[in-house]
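Okay, thanks everyone for coming. Let me put the structure up on the screen, and then I'll talk you through it.

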Amino acid sequence: MSEAWEVVIGMEVHVQPRTRSKMFCGCAIAPLNAAPNTYVCEICEGMPGVLPVINKAAVEACLKTALALECEIPEHTKFDRKNYMYPDLPKGYQISQYDLPMSRNGHLDVDGSRVRIRRVHLEEDTGKLVHAGDKLHKASESFVDLNRAGVPLMEIVSEPDIRSADEAREYAMALRILLRTIGASEADMEKGQMRVEPNISVRRAGNPEFGEKTELKNINSFRALHRAIEYEVKRQVDLIESGGTVQQETRGWSEAEQRTFKQRSKEDAEDYRYFPEPDLPPLRLDRAWIEKLRRELPELPAVRRTRLVEEYALPAADAALIASEREWADLFEGAVEKGAPAKATANWIIGEPTARDLSPDFLADIVTLVSDGRINRDQGREVLAESLSTGTSPSAVVSARGLTQESDAGALESIVREVISSNPRAVSDYRAGKRQALGALMADLKKKAPAANPKVANELLQRLLAS
Amino acid sequence: MDLTRLTIGELADLLRAHETSAQELLGLHLERIDDADGDVKAFLRLTPQLAAEQARAADRALKEGTAGPLTGIPMAVKDVLCLSGVETTAGSKILRGFRPPYTGTAVQRLIDAGAVVLGVTNCDEFAMGSSTENSGYFATHNPWGLDRVPGGSSGGSAAAVAAGESVFSLGTDTGGSIRQPAALCGVVGMKPTYGRVSRYGLIAFASSLDQIGPFTRSVEDCAVVLETMAGHDPLDATCADRPNDVRRGLDAGVRGMRLGVPKEYFDVEGMEPGVKQSVQRALRMLEASGAELVDVSLPHTDYGLAAYYIIAPAECSSNLARFDGVKYGMSDQDAQNITEAYMNTRRRGFGSEVRRRVMLGTYALSSGYYDAYYLKAQKVRTLIKRDFDEAFEKCDAIVSATSPTVAFPLGAKTQDPLSMYLCDVLTLGGNLAGLPGISVPCGMSNGLPVGLQVLAPQWREDTALRVARAYEVASGMRVEPALV
């Protein structure tokens, strides 16, 4: 970029709240790869004469999200119809929220900078079109799968407060962590439970006016989000610098070609003719209900991360990782409460993914066994595997298998001597000054004496080599 | 005794005394349909097999002593109410062949109460019209004069009861579509309070106005059918959870009641003198029964029609979007792309009045026009509700003609949509305000029936029914089937 350009990004994120049933009918949410049109009823199929009924669990998930984002929640909210015709939209309108959304004016702090949230509202998903033969314009036939039609969606709209692809990715990841922590959504992008659509424009640094924006769709991962924004920013800057102008349009991200392509221009934009959904009376958002939901919110990830650093002296990176999943953080604090040392506990949770499946008691047990030197780390891994498969406590596994770490240098000496005599080349390398040869000797030692205390064995090895 | 001329109450007594059977009643009504419906054309489709099963079940219940007031009583259902497995088309070619996979709540409750479904009755396409001439299939004729319309949109249901083809029937009322044909066919017809009867299974015209209601031969019958259909339904968020008290004080009379007479409703455009006289005679009879007539005013009446013809088409433009040829009904298979397929299907499937209203409504909701039309109409709707609230401070119920005219000749208004829209000028206020309203026959003008409308405050069906019942008693009114 030949001049200083400022990137301006606002994010529209669609998230599927965690519910058992669809937004306006009793159909279960279809699992991935369900046969087409097997999770449908007359309501989500848009049969004549059917009526919607609001899913309370979806409303609660949306309200919790709004509360976690510190949004204002009005006394009343209502649903509206967004009218347009498309074969994946069985009623010919989508029930959404227009001018009285479930919430407004919140924020999410990402790495110290604040992204304002314009609104969080609820709506329903559409179905899916499947074209015979990949490409729409060549398709001989198209099929409609309504399994997803009527699945609840929360739409979280930010203000254009994001200034880079990095920040956009951080925002999306922070949002995902928040949603998972509060139990509002699984927010799995690959399962389509979270869809991120950045609105991107560029302007010369210092210019107070926004540039024309484009909206990007079809982004299926955080990595794709980052790449798509970087591509689109460069495209816009190149276009302007070569004398062109950016057109307001919707663009798709092609993962295969790693580029964005035009989908719809502003001129093609439909008039959605929003009007209040007459089949659903306005919804009163009772204050007592809101306060109950607020009280039920768990500690939010940003707060917990800070507390983990302050309370347990964890490194910031460890704290961030542990706080990113509520279950991990609960496990961490549970194990530490049982007496396990904090840093070692964090290492186990971060370094040994299977350890995350242990109960706090068992994790504390195993961490303590290793940090007290009763068993070594390799033994600890074996104990972990056995505890997980049998449900036996780590201490019981250690007793039953008679596992102990050999920390007596006298008892280890004969094995160490054997290692030295059977690895003449490594020994000569070491004595010639190649310190890394020690690693090969230690590896052989571990093989010959799995229960050896590595620290004691290492010291002994060095001492004997030096003599 | 002609069993096709009796009320639900009278037939229920005969059934319980085993002087007739559900299967006999079914046979007699199918015969009557066979005799009369070639002229009247009330029915689009008959469901004799379904009816035979239901009649057999009803006879078992009668034998076992588990019968209720509707057990074995033949009924007819307007073509906008979904009945599982039975072709339901909303009077439109676009839904030809559509068999809903489910039955709507109101119809199901009547079936559960033992009623026997004779068939599906004709109506204006998607309930849009006041004469049943907008049916996608054929026009229905008024049993009192076969060259006359039965009113609409529930003209088939009204004519079936008037002609002795069915003991009662169901209609829907969005701007007067039950009350006006009831008046024109000389039967009782009632639109309940918005939210009294579940709309689940009613093919929507205008969701904020539509209500299902009965056509019967007596006020008591009307109360029985309404009571059976009414009440909370978890499938309709607009259906209220309220006490089912519609029959409260049905026979208590009108002594001491104040009946509001809105001057605006007596001076509407096109009010026929014969209609006005019949209604005034009815009011004097109610006065003689002890009611006090009080003058009330509904000052925004003139704006009601305009507001209605913005709101109803706006909602219909959205409600009818689902008829796109993708999932059910008519579907153009020759189009080159989806837009062309939509246009061909809808152009061929919808009649001209439906297309007119879809276009009106689309326009009224469009960006740049929304505030001037839809929003303004909603404000007028609020004013009209307020008119009624203020009037009901001075009276218990409001009485007027149901329709400014008696049944008009077939074809008289088909070329002039505005004159057709004026048919509903006295009824649509009740829809805009969500009020219950009933029409009862109150004499004849030029040999054709006149209807008296009683409007009551929201949730006061009991009041409307009580006034109507008092008039029925005082006048000795008895609905006699026509065309006999």
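Let me start with a convention: two strands count as paired if DSSP finds at least two bridges between them. Helices (H or I, at least four residues) and strands (E, at least two) are DSSP runs, numbered from the N terminus. What you're looking at is a predicted model, where local features need pLDDT of at least 70, side-chain atom pairs count only at pLDDT 80 or more, and totals for chains, interfaces and linings use all residues. Residues are numbered from 1 along each chain as its sequence is written, with chains lettered from A and ligands numbered from 1 in the order in which they are written.

So, chain B, strand 9. Strand 9 (residues 397–401) of chain B pairs with strand 11 (residues 448–455) in the antiparallel sense, over 4 bridges, and Ala401(B) stands opposite Leu452(B) there. With strand 7 (residues 258–262) of chain B, strand 9 pairs in the parallel sense over 2 bridges; Leu259(B) has Ala397(B) as its bridge partner. Is strand 9 of chain B buried or exposed? Buried means 20 or more other C-beta atoms within 10 Å of a residue's own, exposed means 12 or fewer, and partly exposed is in between, with C-beta atoms placed from the backbone. 5 of the 5 residues of strand 9 of chain B are buried, so the strand is largely enclosed by the rest of the structure.

Leu30(B), in helix 2 (residues 22–40) of chain B, is partly exposed, with 19 other C-beta atoms within 10 Å.

On to chain A. Here 8 strands form an open sheet with mixed pairing, in the order 5-6-9-1-10-11-12-13. Strand 5 (103–110) and strand 13 (259–265) of chain A are at the edges with a single partner strand each, so one side of each has no neighbour in the sheet. The twist averages 30° from one strand to the next; for angles, axes are lines fitted to C-alpha atoms, for helices over the stretch in contact, and values run from 0 to 180 degrees between N-to-C directions. Inside the sheet, strand 11 (residues 214–217) and strand 12 (residues 249–254) of chain A pair in the parallel sense over 4 bridges, and Glu215(A) has Thr250(A) as its bridge partner in strand 12.

What packs on that sheet? Helix 1 (residues 56–68) of chain A does, touching strand 5, strand 6 (113–124) and strand 9 (152–158), and its direction makes about 170° with that of strand 6. Contact here means C-beta atoms, placed from the backbone, within 7 Å. Helix 2 of chain A packs there too, at about 110° to the direction of strand 5.

Next, a helix pair. Helix 7 (residues 326–337) and helix 8 (residues 342–351) of chain A have axes that come within 10 Å and cross at roughly 145°. For the classes, Ala, Val, Leu, Ile, Met, Phe, Trp, Tyr, Cys and Pro count as nonpolar, Asp, Glu, Lys and Arg as charged, and the others, Gly among them, as polar.

Last, the interface between the chains. The contact takes 35 residues from chain B and 25 residues from chain A. Helix 10 of chain B gives the most to its side, with 3 residues, and that side divides into 20 nonpolar, 9 polar and 6 charged.

Conventions
Two residues are in contact if their C-beta atoms, placed from the backbone, lie within 7 Å.
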